[in-house]
Amino acid sequence: SLDVLESMGASIQIEPSGEGIEPSGNITVKSSSLHGTEIGGDLIPRLIDELPVIAVAAAFAEGRTVIRDAEELKVKESNRIDAMERELRKAGVDVHSTEDGLIIDGGRPVCGGSFESYGDHRIAMSMSVLALAAEGESRIENPQCINISYPQFFETLQKIRR
């Protein structure tokens, strides 16, 4: 997912801190202007679970982002393609679903609102990230589903916000 965000123009620096099964390190992210990109093919299996939050980044990016080859999103904890389309639309984002992904035309103002999690931790976390940058207040329905994968999510989010 870091590669995709960098392709969108994100300013990310990574300091590797060790070896292991999963790479680890310190990541420094600086505010930057994002632009649309195309995401598909061999990249999709490596970031299938991160696509909802990448869709949120695309909502704030200038231009068009196309996510394709991601039909697996339909059979996760929720149909993440349909869920992200519905929730991003509530925020005023120009988004359209396709058979295997999403087309997001970003760069317009993103509004807060009342967002559904669908009991899906990835949707709840993604919409929480959107709410931080959206204009106005937001509410996430059933946010406790996040505890499935990241019980300290809101605590971490508060630390990052500072």
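Biologist: Which residues lie nearest the centre of the largest pocket?

Modeller: A pocket is an open set of points on a 1 Å grid over the protein atoms alone, where a 1.4 Å probe fits, with protein on both sides within 12 Å along at least five of seven lines; lining residues have an atom within 4 Å of a point. Here the largest pocket is lined by 39 residues, and Leu2, Leu5, Val29, Val53 and Val129 lie nearest its centre. This is a predicted model, in which local features need pLDDT of at least 70 and side-chain atom pairs pLDDT 80 or more, while totals for chains, interfaces and linings use all residues. Residues are numbered from 1 along each chain as its sequence is written, and side-chain values use heavy atoms, without hydrogens and water.

Biologist: How many salt bridges are there?

Modeller: Side chains of opposite charge can pair when their charged atoms come close. With a salt bridge taken as a side-chain nitrogen of Lys or Arg within 4 Å of a carboxyl oxygen of Asp or Glu, the count is 11. In one of them, Arg64 and Asp105 meet at 2.9 Å, N to O.

Biologist: Is Asp120, which pairs with Arg80, buried or exposed?

Modeller: Buried means under 20% relative accessible area, exposed over 50%, and partly exposed in between (1.4 Å probe, protein chains only). Asp120 is buried at 0%, and Arg80 is buried at 2%. Their closest N and O atoms are 2.8 Å apart. By contrast, Arg64 is partly exposed at 49%.
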